[in-house]
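The structure is shown first.

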Amino acid sequence: MSVIILLLIASISVASLFLAAFIWSVKSGQYDDEMSPPMRMLLDDTTTQKKH
Amino acid sequence: MAFSTETKTTLHCFHCGDNCVPTNIVVAEKHFCCDGCKMVYEILNQTGMCDYYDLNQSPGATQKFKVRADKFSFLEDTAIEQSIISFKDEHQIHVTFYLPQIHCSSCLWLLENLHKLEPAIVLSRVNFERKEATIIFNYQRCNLRKVAELLTRIGYEPYISFSDMGKKRPGMDSGKIYRLGVAGFCFANIMLLSFPEYLGIDQKEENLFTFFRYLNVLLSLPVFFYSAGEFYNSAWQGIKQKFLNIDAPIVLAIWVTFSRSLYEIFTSSGSGYLDSMSGIVFFMLVGRVLQDRTQKKLSFERDYTSYFPVAVTKVSGPDAITVALQDIQLGDTLKIYDQELIPADAILTSGTALIDYSFVTGESIPVAKEMGEIIYAGGKQLGGTIELLVIKEVAQGYLTSLWNKDAFKEDLTKDRSFVHALSYWFTWGVLLISFTTGLYWYFTNISVMWNAMTAVLIVACPCTLLLGNSFTNASILRIFSSHKFYLRNAAVIEKLAAADTLIFDKTGTLTTRAYQTVLYEGRPLTDAYKKKIGILASQSTHPLSNAITNWAGVLRGGPVFAFEQIPGSGIEGMVEDDLISMGSSLFVRGKQELSATGAMVYVAVEGVYMGFFRLQNHYRKSIPSMLKRLTNKFKLLVISGDNDSERSYLRQLLGPSTDLYFNQQPADKLTIIEALHKTGSKTVMLGDGLNDAGALKQSHVGIAITDDTNNFTPASDAILDASKLSRLEQFIQLAKANKVIVMTAFIISIVYNMIGLSFAVQGLLSPMIAAILMPISSISILLISFGFTNLTAKWLSL
């Protein structure tokens, strides 16, 4: 039955990783501004000059 | 992109999208409404940043109002700089500016590409929701003033106010989120490990139970000591004030559950209820987090300091220096430029003062001040530059003293939610059942006594009441905010529901700020004269002149000769060979009009009196009908700082039972509300300006009305978009429904409790039954709260 114990330890460690990732994401301010990132990813970083 | 050349009738500015007339402000076939807009375009065009215009059509803000050249010179002062920046090392300065103009992806793109305009800028990052830009720059090659001026040049003038000084902005309360995350993690894992307990496993594997149970104890420790800390804190706060709030019985239930579970596990007599305990903590935290989610872009705490500038120009000897606001001393001479706020009570010593007090008093017409007259802080100078002698320090001015009144020290003991009272009686009921059960088993079968007593406490905790309350509040707040009605916190819902007296400010609340209704009486005017009057009026920045310009349909002024503006009297000038004068009766006709009410402008052409304009504030759409409906249900009051020219109209609209007050100073508004409170009225104040700020704080619920929720609003309990003011009645009705919905959820939860209790009193509560009852009751409460609130909102057509 030790295999169940091993599996449990593995599953809880994986879950802890997710918890750590969640805490990190809150800490790094990912939820402070939910509007700029979706806009930012659509903006091209062009250096070419466009004539108007 | 050449959308502006297609039609000749309506041209739009390429930069800001305002209407503009065909003029010579054209660059590369693009029309601009003013030189300011054109300049921004040219700056961006030179650096190849015209992507700005590709992303959105006319993304800029209008540049018609010029910013004074040395406006930001105060940023060179080291002490001021220190209080604004957030970080500084040998090379870099980090600073966060509030840029109210941010509104679209073009803004984001431009502001994050600032390094292309100024190489010394290392990084700029926009927080869209807060309308802030964090800029990192190399201060050996640039300085704070230059950065602020660069932002201003491209149309994003930073808003730097007195309240930014030496204060860290409050961040999001992430403590609750962490607690929630930990509780969720532990709850899910404990649930998983408890499955063998619920379903049973093979006889040979019984020893695994012990392992699972100990693992559960381990996993429940963070829930008990960390996640549930939220409830310990709030219960302890209540007990310190000798008050048992709803969190106290919840803490009791958590403790009883936890100790009984530990006892069972360590004596190998059972598996405990750790799954139910962590589950309920998790659900309650979800409710709290949803309820406390507030609008990040709004501030409910603004006081006068947010309105005042950081620094002003002080005249000392021959030079003018910039001083921080708190360094202004009695006897200082200040120089106030056009459109600047007067920071301290002062005497006018030179220049022509035309002070717009609408901020302070609600009076809509600017007043002219003579040399030697006192000008109170909060007024805004229109026109030229003036010099003032300070007679009171900033903190002691008339306006600022309104904020420092003792009345505003909030009393924490009053206005407690009905939920606490309910939970109080509920708790005593549960304790009674628990002891009766204990007593019964004491005489029949003493071995079951503790088991049954604790089971009652575990099953019948008022957590469903708390859940129902927080989820109902959360969904009401969500519905309100989808209608641009933002509450400071959930406690305001109940205060709003209790309201029986509605107090309205007039100017800016019931009416729009601008004069929109212009009536002409007198000799008929030909179209040519109408145009000439408009051209003359367009020369002045006075709000009455603006209204007449609009009335005449003049988009762009023509040539006016011998133009003269006499503050407080009127304007005069030659338009196409006609001498036109307009202004007060005394100025135009040489005699005082005694019967005049409200805003009147008299007109004479070539010295011949023609007639007068009567200007009226324009009532917001559907406000009159709303007021009519409200008169039957609430006691209404109108308190205005303006003159009483609208008295008869309002009287006819609101009927004889409504009290109307005119010419009220900010302090008078406070006194009226105080008097109403003495008679036991529950007041809701609706106002918009700083002049209502005292009244907004004094009343039970202060609602700040704003035309644009991005604008500044004074400190208040709620912020309401002016276009939704007519929904006020529905908002109050939904707030009233809150109590009914929470009670319904509570009664249903009692049914669940009865089922649980019937097992518990018999000493038969198995972890399995607890584990089934807990999520079912929690989730059904959740559905009831959300469902009923949304149904009610739909019924109220919100």
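## Model and numbering

This is a predicted model, in which local features need pLDDT of at least 70, side-chain atom pairs count only at pLDDT 80 or more, and totals for chains, interfaces and linings use all residues. Residues are numbered from 1 along each chain as its sequence is written, and chains are lettered from A and ligands numbered from 1 in the order in which they are written.

Chain A has two helices and zero strands; helices (H or I, at least four residues) and strands (E, at least two) are DSSP runs, numbered from the N terminus. Of the 52 residues in chain A, 0% are buried. A residue is buried if 20 or more other C-beta atoms lie within 10 Å of its own, exposed if 12 or fewer, and partly exposed in between, with C-beta atoms placed from the backbone.

The contact between the chains takes 21 residues from chain A and 25 residues from chain B, where contact means that C-beta atoms, placed from the backbone, lie within 7 Å. On the side of chain B that touches chain A, the elements giving two or more residues are H2 (51-55), H4 (105-112), S7 (121-127), H6 and H7 (206-227). H6(B) gives the most, with six residues. By class, this side of chain B has 15 nonpolar, seven polar and three charged residues. Ala, Val, Leu, Ile, Met, Phe, Trp, Tyr, Cys and Pro count as nonpolar, Asp, Glu, Lys and Arg as charged, and the others, Gly among them, as polar.

## H1(A) against H6(B)

H1 (residues 2-27) of chain A packs on H6 (residues 175-199) of chain B at an angle of about 165°, with axes 10 Å apart. Axes are lines fitted to C-alpha atoms, for helices over the stretch in contact, and angles run from 0 to 180 degrees between N-to-C directions. The angle makes H1(A) roughly antiparallel to H6(B), a term for angles over 145 degrees.

Residues of H1(A) in the contact include Ile12(A), Leu19(A) and Phe22(A), and those of H6(B) include Tyr178(B), Gly181(B) and Phe185(B). The contact has 10 nonpolar, two polar and no charged residues.

## H13(B) against H14(B)

Within chain B, H13 (residues 418-444) and H14 (residues 446-459) pack at an angle of about 170°, with their axes 8 Å apart. These helices are therefore roughly antiparallel to each other. Among the contact residues are Ile433(B) and Trp441(B) of H13(B), and Met449(B) and Leu457(B) of H14(B). The contact residues divide into 11 nonpolar, three polar and no charged.

## Strands of chain B

S11(B) pairs with S9 (residues 311-316) of chain B in the antiparallel sense over three bridges; two strands pair if DSSP finds at least two bridges between them. Thr313(B) stands opposite Lys335(B). S11(B) is also joined by four bridges to S17 (residues 386-390) of chain B, again antiparallel, and Ile386(B) is the bridge partner of Ile336(B).

An open sheet of three strands in chain B has the order S14-S13-S16, with antiparallel pairing. S14 (367-369) and S16 (380-381) stand at the edges, each with a single partner strand, so one side of each is left without a neighbour in the sheet. S13 (residues 353-356) and S16(B) pair over two bridges, with Ile355(B) opposite Gln381(B).

Key
Angles under 35 degrees count as roughly parallel, over 145 as roughly antiparallel, 65 to 115 as roughly perpendicular and the rest as oblique. Two residues are in contact if their C-beta atoms, placed from the backbone, lie within 7 Å.
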